[in-house]
Amino acid sequence: MSAARTSPHPRPRPRTGVRALVGLLAAALAGCAAIPTSGPVVEGDGEVGERDRVVVLAQGPQADAAPEEIVEGFLLAGAAEVTADFAVTREYLVPQARSEWDPLAGAVVAEDVTYEQTGEARITAEATVLGTVDAEGRYAQAPDGARESLVFELQQDGDGSWRIARAPDGLVVTARDLERQFRATSVYFLTPDHRHLVPELRWFPDRDLALATAVVRALLAGPSPWLRDAVTSEIPAGAELRPEAVTVEDGVAELSLQPAQAVQEADRGLLLAQVEASLRPLGVTGVEVSAGGVLLEGASALEAWEGGDAEVVAEGALLRLAGGTATPVEGVEPGPVTGLARSEDGATRVAVRPPGELVQIGADGVVPLLTRTALVPPSVDPEGYVWSASGVAGRPLLALAPTAEEVEVDADWLADRAVRGLRVSRDGTRVAVVSTGADGTTLDVAGVVRDETGAPVRLGPPVRAGAPLDPSGPVVWVDDVTLAVLTQGDVGAPSLVTVGGPSTALPVVADAVALAAGRGERSLLVLTADGDLLRYDGRTWVRVPGVGPVTAAAYPG
């Protein structure tokens, strides 16, 4: 048996810095060559246009190649042919295996691969895993040092050339392959009240003729299990494409759905809104959806999040930051509080008053709501519920109704964990939770299941986000699919974490203790233990002038 051999084709670790994440997603979404570092600041919507295609040519097998070289060539060819038909890749397989092997069953995103002959005609490829993409396009980031073994059985053909007789389904790609050959785009569902669209990020092979079809099929299949009970859809259960493809011509996507009666009885405006939002990042400017020969028409009353200015507590006073200027909020004097949060309409402001008292802040002064040990900073959801937790293992999440009635939120996966931080998404369907348990401190995202009145009753199963990170607690939503979180250690290391995508480290901030974000990474604020307030400008952190020392900062949500 030969010794293990490392592939001469290094598999690079994803770049660090905020532009690494934005660059990866922008390349996957739009193929941007560079990220602007100057010019006016504008609010992004997560949508991009078409991109230029990067063509990578696959190499077929060499006649005298050794078994290890055949396996390595097979994996490299597969990574190069994500956007093709894998004709060259299948040349590495024996004839029978060519029809059995399923390249689109998923993908391992690997940093490096070593090859070792572990049997007379067996090669084991050992991959250092950065993440995985499953057959439905769900990306899961892997913990540091994760590894996966792939076993290949080979045999010699009549000419004595080695070919693969049995190969694991799926592909092995580098982070750069993922950037070049896959498209990251969201499929959109609805909040239970039908007021907002809710995105779920997926990764699809970037095939011109099949990409729109793959996106629509994912939409028809519905949300992933972790999100399923928190959202709804106007696309009827069991709906199918007939014919089984989406055609796009001059920017207009055409598709037909069945069963016709169920589709026609759905809210057509909402159904069209879901389809259009899901296809828009692919360069689609309009959609024509039919059912039973009837062209669907209709409009929806979906609402967009309006955003808002940041508010900070500095020297006990509440200030609003707008246009680079800090102005006092008249009639509100919070005093020395931390963990500020407020509703989108500004009607509810809450904070933590040391050592562990949740208070409401308003024209009537500071009103105590409840007291808990190690209270985590609160979050206010769109229904007006104030979320928090005691930070003690085994204590449940809690939510205060607008009437101040306390509601326990059932989350069985947190039973043996201590909550260190949480933040509800602005659409109210998801919550990001930093918690500590036997496996360390993790960042998870779960769907928020509500009753018919809008009250939160339980969390769905969690999905891990930012697996390589060691978060310290503070977490905020930067946009509909991106979180910012602080990591452990004496030196603050804010990171951006994509739910269903990779994470990337931002420039470090010494003694960072809290975060706030509005809409987009340029709204991101960091608060230090000394009371400095820093704003991210797309490249580095800059001090916000005219305020300080600051004890709390918040945007709506």
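In this predicted model, E315 counts as exposed, with a relative accessibility of 66%. The value lies above the 50% cut-off, and therefore the residue is placed in the exposed class. E315 is located in the loop between β15 (310-314) and β16 (317-322). Its backbone deserves attention as well: E315 has a positive phi of about 55° although it is not a glycine. Most residues other than glycine have a negative phi.

Is F86 buried or exposed? With a relative accessible area of 2%, F86 is buried, because the limit for that class is under 20%.

The backbone also contains peptide bonds that call for comment. Most peptide bonds are trans. A cis peptide bond, however, joins R242 and P243, with omega about 0°. P243 belongs to the loop between β10 (240-241) and β11 (247-249). Another cis peptide bond links G548 to P549, and here omega is about -10°. P549 is found in the loop between β40 and β41 (550-554).

The chain holds 8 helices and 41 strands. Of its 557 residues, 53% are buried. The chain exposes about 23800 Å², and carbon and sulfur atoms supply 49% of this area. Among contacts between residues at least 6 apart in sequence, 54% join residues at least 24 apart.

Strands of a sheet pair through backbone hydrogen bonds, either parallel or antiparallel. A514 stands opposite L527 in β38.

A further antiparallel pair is formed by β8 and strand β9 (residues 197-205), which are joined by 9 bridges. In this pair, the bridge partner of F189 is V198 in β9. The hairpin of β8 and β9 has 6 residues between the strands, and H194 in this hairpin takes a positive phi near 60°. Strand β8 (residues 182-190) is mostly covered, with 9 of its 9 residues buried. Both of its faces are covered: F182, A184, S186, Y188 and L190 are buried on one side, and R183, T185, V187 and F189 are buried on the other.

The largest nonpolar core has 45 residues, of which L271, V275, L279, V289, L443 and L483 touch the most other members. Helix α5 (residues 211-221) gives the most to this core, contributing 7 residues. Leaving aside neighbours within four places in sequence, L279 is in contact with A212, V215, V216, A253, V284 and V287. Apart from this core lies another, of 43 residues, among them Y92, A142, V172 and A175.

Methods:
Residues numbered from 1 in each chain as written. Predicted model: local features only at pLDDT ≥ 70, side-chain atom pairs only at ≥ 80, totals over all residues. Heavy atoms only, no water. Helix = DSSP H or I, 4+ residues; strand = E, 2+ residues; numbered from the N terminus. Buried < 20%, exposed > 50% of the residue type's maximum accessible area, 1.4 Å probe, protein only. Contact = heavy atoms within 4.5 Å. Areas by Shrake-Rupley, 256 points an atom, 1.4 Å probe, with all protein chains shown as cover. Pairing = 2+ DSSP bridges. Core = buried A, V, L, I, M, F, W, Y, C linked by side-chain atoms within 4.5 Å.
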